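Dear colleague,

I am handing over the structure below, and I would be grateful if you could look through it with the notes that follow beside you.

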Amino acid sequence: MKKVYFAAVIFCVMFLTDKSIAQSFDHLDNNPIDIAYLRKSNISKPLIKVIYGRPQKHEENVFGDQIPYGEIWRTGANEATEVRFFNDMKFGNKLVKAGTYILHTIPGEKEWTIILNSNTDTWGAFFYDQSKDVLRIKVPALKAKELDIFSIAFKRSFKRTYMVLAWDSTRINIPLETQGEILAEI
Amino acid sequence: MKKEIFNIAITSCLIFLLNVQIQAQEFNELDKSPHDIVYFRENKISPPSIKVLYGRPQIKGRDINKNLIPNGKIWRVGANEATEVKFYTDVTFGGKKVKAGSYVLYAIPQEKEWILILNSNLDVWGSYEYEEKYDIARAKAKVSKAEPLEAFTIGFKEKGNHVNMVLGWDTKRVTVPIRIN
């Protein structure tokens, strides 16, 4: 009889342990991670790599409702958005050294503040530490077609290359240059 | 006259359609096999020791052994962009010393034992660009069975003085020990 009891306890312990193993595996995220590369051509090494979470629109207006104006935003979902520059570059009107940074923004109705910060591998913007800012630039907010899923992409327009933050009807175009040369051939 | 109007109408329709299509293609849809990030930290508030960025394909009624994981051939260990592993300090990966840094993780799946490969040719797509000359370390990984997982998953399990990196998909579990130096 004792043996049966012992076996039951062992079974329970095994079952519980098993459960803890199952929980160490994460489910698919509702706001999945995506990667955006800037390359001169499909086969060349990347110039910029962005790793970001992609939340979806679920309020009438994303900016002003879902994402408040005037507050620091992780510019994505979950883990803070990470930008890696493979070369020294001009980001907006400021120089940034090759390296890995997190991207935060402060959305505004007419103008956004874009922040590169060196406090990498953080969650959201909860650990934002202004003393680790590497640069801040201001970029006007433009209007375009509605987009349900937050996207970061690289676009070329009139011989200039931009990193574009796009969600709902808002577009933020950050001009990019590398080594004094405009990225016209991309 | 009628023909002219008709032509103008058709042309403007085409321009309109083209324009809409270009705009729609401007931004990517969500990936069917989305990426995920998993960190290993010694405790919740400590800085990370290991970070893995990988694509998560799902079974969707298929047989992973027949359709999804090749046997005896190089596999990207995920989906889309090759899986990237970052060690924040030097580690021992399946018995081999590996310097802190980022590597691409590949696998050669086999029935009883997988070979896991760390390779230094970063930012590549799938395993199409795999070149053995960039290999940094190869480790043997044990295959075992557990409860089924729909989405391919990479996780960490602390075990005594080392951590196991576990690849899980369906009932398959592949485990490689990593020691953080």
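Please keep in mind that this is a predicted model, and that pLDDT is the predictor's confidence in each residue, on a scale from 0 to 100. In chain A, pLDDT stays under 50 over residues 11-23, and for that stretch the model has 2 contacts beyond four places in sequence. Where pLDDT is low, the predicted coordinates should not be read in detail. For chain A as a whole, the mean pLDDT is 87, and 83% of the residues reach 70 or more.

To begin with the overall make-up, chain A has 1 helix and 12 strands, and read from the N terminus its elements follow the order α-β-β-β-β-β-β-β-β-β-β-β-β. Of the 186 residues in chain A, 30% count as buried. When contacts in chain A between residues at least 6 apart in sequence are considered, 52% of them join residues at least 24 apart.

Chain B, for its part, contains 2 helices and 9 strands, and its elements run α-β-β-α-β-β-β-β-β-β-β from the N terminus on. Chain B has 181 residues, of which 29% count as buried. Among the contacts in chain B with a separation of 6 or more, 51% are between residues 24 or more positions apart.

A series of paired strands can be followed through chain A. Strand 2 (residues 46-53) of chain A runs antiparallel to strand 3 (residues 82-85) of chain A, and 4 bridges join them; in this pairing, A:Lys49 has A:Arg84 of strand 3 as its bridge partner. Strand 3 of chain A also pairs with strand 6 (residues 99-106) of chain A, again in the antiparallel sense and over 4 bridges. Here A:Arg84 stands opposite A:Thr100 of strand 6, while A:Val83 has A:Tyr101 of strand 6 as its bridge partner. Strand 6 and strand 7 of chain A form a hairpin, with 4 residues between them.

Two loop residues of chain A deserve a look at their backbone angles. Most residues other than glycine have a negative phi, and most peptide bonds are trans. A:Asn78, which is found in the loop between strand 2 and strand 3 of chain A, has a positive phi near 55° although this residue is not a glycine. A:Asp168, in the loop between strand 10 (160-167) and strand 11 (170-178) of chain A, likewise has a positive phi, of about 55°, in a residue other than glycine. Are these two residues buried or exposed, or in between? A:Asn78 counts as partly exposed because it has 19 C-beta neighbours inside 10 Å, whereas A:Asp168 counts as buried because it has 23 C-beta neighbours inside 10 Å.

Turning to the contact between the chains, 26 residues of chain B and 24 residues of chain A take part in it. On the side of chain B that touches chain A, the elements that give two or more residues are strand 1 (35-41), strand 2 (48-55) and strand 8 (135-159) of chain B. Strand 8 of chain B gives the most to that side, with 7 residues. By class, the side of chain B that touches chain A is made up of 11 nonpolar, 6 polar and 9 charged residues.

In soluble globular proteins, nonpolar side chains tend to be buried together. The largest nonpolar core in this model has 65 residues, and those that touch the most other members are A:Val83, B:Val77, B:Leu105, B:Tyr106, B:Ala107 and B:Leu116. Strand 9 (residues 162-180) of chain B supplies the largest share of this core, 8 residues. If residues up to four places away in sequence are left out, B:Val77 touches B:Tyr54, B:Thr83, B:Leu105, B:Tyr106, B:Ala107 and B:Leu167.

With kind regards

Technical notes:
Residues numbered from 1 in each chain as written. Chains lettered and ligands numbered in written order. Predicted model: local features only at pLDDT ≥ 70, side-chain atom pairs only at ≥ 80, totals over all residues. Contact = placed C-beta atoms within 7 Å. Nonpolar A, V, L, I, M, F, W, Y, C, P; charged D, E, K, R; others polar. Buried ≥ 20, exposed ≤ 12 C-beta atoms within 10 Å, placed from the backbone. Pairing = 2+ DSSP bridges. Core = buried A, V, L, I, M, F, W, Y, C linked by C-beta atoms within 7 Å.
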